[in-house]
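Hi everyone, thanks for coming. Today I'd like to walk you through one structure, a few residues at a time.

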Amino acid sequence: MAFDTLPKFVTFDMNGTLIKFAINDTMRDVLGDRLPAEVADEYLRICKAYRIDECMGAYKPFHQIVADSMERASRKVGLEFRADEAREVYDRITTWGPYPGVTAALNRLAEAVPLVIITNSDTAVAEQLAANLKAPFEVIITAEQMGCYKPRLAAFEYMFDKLGVTPDEIVHVSASPMYDHRPAAIMGIEKKVYVDRGFEHDEHWLGYERITDIADLPVLFGLPRPDAS
């Protein structure tokens with residue numbers, strides 16, 4: 001058991017942590033033959049970088065984040081940008097489902113402590129994705145509500161105010177040191193869990209518990225694994 005006392009809430013990043021954030025596969029599918037194999041990897045890499053860059057500026061709806069990052073990436077690799085393709089990528093987000101084992105782990109953890117989502121999504125999209133998880137959440141906090149995106153520190157300030165907690169009263173769970181664990185550490189959240197899904201580097205100096213199997217998450221709180229007999 002990693003946490004000797006139960007927190008008031010366990011807060012979760014959603015996209016990429018609980019929901020399989022399949023935006024690269026979706027962009028490949030939507031752009032089809034218009035995305036040549038020789039530039040595809042670079043396009044997807046730089047598009048990810050532009051998404052986080054767009055999140056650091058003034059708030060705009062997430063469909064605009066998707067469109068602006070795709071437009072900038074297209075310009076970078078010499079590809080024609082089409083707004084209707086960007087909108088189709090965004091519109092498919094609500095169809096994405098959880099990683100294997102997520103629903104069972106969340107339901108097991110919810111037996112002991114309230115669950116909260118804090119996500120870089122518009123509210124309507126976040127509510128649909130949360131429904132796809134089939135687990136009980138006390139609160140869903142969205143970028144649309146916050147007026148900013150993680151990794152902005154204001155996102156975590158909003159969460160503290162919304163939940164009425166101090167940093168030592170929550171455990172934050174995310175698969176992204178870049179979007180979540182770095183700002184969480186800066187804001188004084190000491191109890192953190194990194195769900196290592198292989199798409200970011202382990203930044204162990206941030207002081208989190210690292211797991212590679214979501215079924216191990218309840219164990220950190222003294223609960224049995226959901227797959228235990």
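**Around Y208**

Let's start with the tyrosine Y208: setting aside residues up to four places away in sequence, Y208 touches P177, H181, K192, V193, Y194, D202 and E203. Before I go on, please keep in mind that this is a predicted model.

Where does Y208 sit? You'll find Y208 in the loop between β5 and β6. Is Y208 buried or exposed? Its relative accessibility is 10%, and buried means under 20%, so Y208 counts as buried.

Now look at what the side chain of Y208 reaches. The backbone nitrogen of E203 is 2.5 Å from it. A polar atom of that side chain also lies 3.5 Å from the backbone nitrogen of H204.

**Two aspartates**

Stay with the loop between β5 (192-195) and β6 (209-211) for a moment, as D196 is found there too. D196 has 15% relative accessibility, so this residue counts as buried. Which side chain does the side chain of D196 make a polar contact with? The partner is the side chain of R210, at 3.0 Å. Leaving out residues up to four places away in sequence, D196 touches R210, I211 and T212.

With a relative accessibility of 0%, D180 counts as buried. The side chain of D180 makes a polar contact of 2.7 Å with the side chain of H172. Apart from neighbours within four places in sequence, D180 is in contact with D13, K150, F156, H172 and S174.

**Cysteines**

How many disulfides does the count come to? The count comes to 0 disulfides. Why is C47 in no disulfide? The nearest cysteine sulfur, that of C55, is 11 Å away, while a disulfide needs two sulfur atoms within 2.5 Å, so C47 is not paired. C148 is in no disulfide either, since its nearest cysteine sulfur, again that of C55, is 9.8 Å away. As a reminder, a disulfide is a covalent bond between the sulfur atoms of two cysteines.

Are these two cysteines buried or exposed? C47 has 1% relative accessibility and so counts as buried. C148 is buried as well, with a relative accessible area of 6%.

**Spaces in the structure**

The largest pocket holds about 550 Å³ of space. Of the 24 residues that line this pocket, the closest to its centre are N15, G16, F21, R51 and F199. Which elements give two or more residues to that lining? They are α1 (23-31), α2 (37-55), α3 (62-77) and α9 (177-186). By type, the lining of the largest pocket divides into 10 nonpolar, 6 polar and 8 charged residues.

What about cavities? A search of the whole structure finds 1 cavity of 30 Å³ or more. About 30 Å³ of space lies in the largest cavity. Lining this cavity are L31, R34, Y43, M70, S74, L79, E80, F81, R82 and E85. Those lining residues divide into 5 nonpolar, 1 polar and 4 charged.

How values were computed. Residues numbered from 1 in each chain as written. Predicted model: local features only at pLDDT ≥ 70, side-chain atom pairs only at ≥ 80, totals over all residues. Heavy atoms only, no water. 1 Å grid on protein atoms, 1.4 Å probe; cavity = no way out; pocket = protein on both sides within 12 Å on 5 of 7 lines; lining within 4 Å. Points joined across faces, edges and corners; volume = space filled by probe spheres on them. Nonpolar A, V, L, I, M, F, W, Y, C, P; charged D, E, K, R; others polar. Helix = DSSP H or I, 4+ residues; strand = E, 2+ residues; numbered from the N terminus. Buried < 20%, exposed > 50% of the residue type's maximum accessible area, 1.4 Å probe, protein only. Polar contact = N/O pair within 3.5 Å; in protein donor to acceptor, adjacent residues only side chain to side chain. Contact = heavy atoms within 4.5 Å.
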